[in-house]
Amino acid sequence: MAFAPCIGLEVHVELDTESKMFCQCRNEFGAAPNSRCCPVCLGLPGSLPVPNRKAVEYVIRTGLALDCQVAERCRFARKNYFYPDLPKNFQISQYDEPLTYGGHFHLQVNGQQKRIRIRRAHLEEDTGKNIHLPDGRSLVDYNRCGIPLMEIVTEPDFSSPEECRVYLTELRAILRYIEVSTANMEEGVMRAEPTVNLIDSDTGEATPMVEIKNLNSIKSVYEAVKYEIQRHWRCLESGEEMYQETRLWDEQNSLTATMRRKESADDYMYFPEPDLVPLVPEHEWIEEIRASLPELPSALRQRLVERYELPEYGAEVITADRDTAVYYEQIVEAGADPKAASNWLMGDVMGYLNEQSLEIADLKVAPEQLAELLALIESNTISGKIAKDVFVKMAETGQSAQEVVKAEGLQQISDESELGRLVDEAIAKNPKAVEDFKSGKERALGAMVGYIMGQTRGQANPQLVNQMLREKLGQM
Amino acid sequence: MAEISPEEVQHVADLARLALPPEELARVGRELNRILVYFQELQELNTDDVAITSHAVAMENVYREDSSRPSLPVEEVIANAPDSAEVFFRVPRIVDK
Ligand SMILES: [Zn+2]
């Protein structure tokens with residue numbers, strides 16, 4: 001048997017516009033139920049939709065970032081189905097004429113490049129939210145109804161859960177870099193629906209295609225796809241019957257369960273939306289959007305590796321979001337050593353941000369100020385250890401490194417006459433260590449260094465102390 | 001053009017969520033067939049040089065800028081709902097097909 005997993009990903013992304021797709025209600029998460037609705041998004045008779053130009057721009061922007069073609073001309077279509085999350089009984093979507101199509105994406109997994117084909121990125125409207133009551137009835141909130149929604153569909157080119165994870169992580173980073181969406185999966189701003197089956201490429205034989213829903217993190221996509229592939233293998237071996245169906249991911253029990261079987265292909269009776277005229281994106285507009293695209297995460301990562309000799313992993317952490325990457329380059333541009341800058345950024349800075357639940361944009365320490373702190377370490381004005389405390393003070397107060405060091409009296413002591421006095425004192429107070437050191441025990445020096453650091457609250461220049469102690473002991 | 005079959009009539013009724021008794025199905029089938037005959041007549045025209053038309057007006061690229069304005073007060077939003085509960089629309093149990 002030469003069966004292998006074939007996975008496709010359909011990703012829905014709410015676009016970060018001010019208003020909804022076809023009306024001027026606010027596009028906002030978390031407003032009071034049904035407080036962001038009007039005749040258009042409620043589908044009241046006589047209302048007419050007018051497309052939001054920004055949403056069209058955002059889909060073109062995303063399409064270009066994914067190497068898609070932009071349609072010369074395309075239309076919206078009505079997707080007809082009956083479900084109370086749609087007050088109109090149809091969703092305005094795109095069918096045979098997507099706004100962008102035919103792109104691709106280079107996936108980097110375990111050092112290997114793989115090309116994933118992007119079938120299309122189109123524009124539609126989001127639906128309302130149902131809250132199911134214990135008595136069987138449902139409450140409906142239409143605030144989300146009509147929010148611009150982008151659908152990005154790949155060909156079934158993924159062959160492992162890990163490839164899905166890498167793609168979604170990278171796609172999320174791209175959407176944030178190009179500033180079209182917050183792409184937050186926990187809030188449902190970005191939603192992924194994998195389709196999974198096993199195909200024998202020799203015989204063309206395949207297990208029935210399964211679609212998985214209810215995934216609200218990249219991790220759950222990974223787990224659900226992994227589970228589903230294993231389930232298909234199990235069924236193939238045991239001969240258990242499989243169905244073409246939609247399955248729901250059960251996070252608690254880490255398994256998928258049947259939601260509905262598909263006896264026949266869905267019939268949504270698509271037809272061109274008569275209330276909306278065709279979109280014909282002008283060439284100049286497309287080129288304007290293309291020119292405004294920022295450097296994408298993969299290109300930026302490669303540049304950081306090449307220019308600053310960062311390890312692959314470090315570059316990945318730093319480019320995970322654009323603000324962090326920009327911050328990094330600014331520290332380096334302000335004169336910091338690239339390696340020291342990345343260590344500090346990934347260590348103390350990210351540690352502090354995590355601890356305080358802050359974003360890098362909220363950090364009170366400007367990149368130039370961090371570079372100044374690193375310069376103080378470099379020039380031995382403060383020790384690396386004290387610098388950690390200085391950084392926290394800077395982050396809390398917004399003061400510069402110099403100001404904190406001055407105010408707290410934290411300058412490293414490199415004054416040889418003062419250190420000389422301390423060296424004599426350390427030798428006088430640690431006769432045992434002196435004796436051990438003289439009899440060849442190198443480590444005995446540590447006791448005397450420790451004494452001096454203790455006396456100076458860690459401010460003595462450790463290299464200098466070491467050197468002076470050795471000189472003095474050598475003369476004895 | 002072939003006549004619409006009873007099965008096709010039933011399928012369309014299902015899609016429209018209409019529960020039609022047999023005699024109604026037969027009547028609707030006859031009516032649909034009359035409409036199809038009319039389209040058959042239209043098909044006699046040669047449209048080889050005519051682009052597929054979805055809109056009767058020759059307009060394109062109608063947009064609005066991305067700006068918001070206040071929505072309806074929630075009382076007005078749910079004013080016409082057949083059933084509601086506080087600030088929500090309330091609907092009967094939905095059986096997913
Ligand atoms: Zn509205």
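Outside the four positions on either side of it in sequence, A:His122 touches A:Val59, A:Ser93, A:Gln94, A:Pro98, A:Leu99, A:Leu149, A:Met150 and A:Glu151, where contact means heavy atoms within 4.5 Å. The model is predicted: local features need pLDDT of at least 70, side-chain atom pairs count only at pLDDT 80 or more, and totals for chains, interfaces and linings use all residues. Residues are numbered from 1 along each chain as its sequence is written, chains are lettered from A and ligands numbered from 1 in the order in which they are written, and side-chain values use heavy atoms, with hydrogens and water left out.

A:His122 belongs to strand 6 of chain A, residues 112-125 (strands are DSSP runs of E of at least two residues, and helices runs of H or I of at least four, numbered from the N terminus). With a relative accessible area of 3%, A:His122 is buried (under 20%, 1.4 Å probe, protein chains only). Its C-alpha atom lies 5.0 Å from that of A:Pro98, 24 residues away along the chain.

Chain B contains 3 helices and 2 strands, in the order α-α-α-β-β from the N terminus. Its C-alpha atoms occupy a box of roughly 55 × 45 × 20 Å along the principal axes. Of its 97 residues, 21% are buried. Chain B carries 9 positive and 19 negative side chains, and the centres of the two sets are 8 Å apart; Lys and Arg count as positive and Asp and Glu as negative, without His and the chain ends, and each charge is placed at NZ of Lys, CZ of Arg, CG of Asp or CD of Glu.

How values were computed
Buried < 20%, exposed > 50% of the residue type's maximum accessible area, 1.4 Å probe, protein only.
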